[in-house]
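Visitor: I have a model open and want to learn how to read it. Please take me through its features.

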Amino acid sequence: MSEIKVAINRLPHGADLPLPAYATSGAAGLDLLAAIAHDVTLPPLGRTLVPTGVSIALPIGYEAQVRPRSGLALKQGVTVLNAPGTIDADYRGEVGVILINLSEAPVTLRRGERIAQLLLAKVERLVWDEVATLPTTERGAGGFGSTGLKTVTS
């Protein structure tokens, strides 16, 4: 597995928190922590922007994706609202996580709690090739649900 060096700046309100880190040697994402001054309670369907206390400088050609933590989603019903959130290579502000409580009970977030994952992804630039017609496919212009509800058996 290759490593990409990324500059990170620990902000004053996150100075006492650990930097985002991989929980295990095989983890794909680093855990982002809540850099909140006091507990935040999310009511059912409530959403909030949670600061992480860090800003980063990604190399050109990469993005960072902010994704939900599966345990937080399963056990408490809290997920990342715009998943995956994208951090562009030219963004230098604080990494923030938009969380939403999809459960039927209030959920309290605490300082230093692991709230999301951060993954690094290579980005390819798209260049448009405008044409009069597109090549045909088996599916064609069929949209949502157009392939039906087929059960796949092996």
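Predicted model: local features only at pLDDT ≥ 70, side-chain atom pairs only at ≥ 80, totals over all residues.

Visitor: How much space lies in the largest pocket?

Guide: Rolling a probe the size of a water molecule over the atoms shows where empty space is left. A pocket is an open set of points on a 1 Å grid over the protein atoms alone, where a 1.4 Å probe fits, with protein on both sides within 12 Å along at least five of seven lines. Its volume is the space filled by probe spheres set on the points, joined across faces, edges and corners. Here the largest pocket holds about 670 Å³. Its lining has 22 residues; closest to the centre are Ile-4, Val-6, Tyr-22, Leu-30 and Leu-120. Lining residues have an atom within 4 Å of a point.

Visitor: Which element gives the largest share of that lining?

Guide: Strands are DSSP runs (E, at least two residues), numbered from the N terminus. E11 gives the largest share, three residues.

Visitor: Where is the cis peptide bond?

Guide: Ala-83 and Pro-84 are joined by it, with omega about -10 degrees. Pro-84 sits in the loop between strands E7 (78–80) and E8 (85–87).

Visitor: Which residue has a positive phi although it is not a glycine?

Guide: Leu-45, at about 65 degrees. Its loop runs between strands E4 (40–42) and E5 (47–57).

Visitor: Is Leu-45 buried or exposed?

Guide: Buried means under 20% relative accessible area, exposed over 50%, partly exposed in between (1.4 Å probe, protein chains only). Leu-45 is exposed, at 61%.

Methods
Residues numbered from 1 in each chain as written. Heavy atoms only, no water. Helix = DSSP H or I, 4+ residues; strand = E, 2+ residues; numbered from the N terminus.
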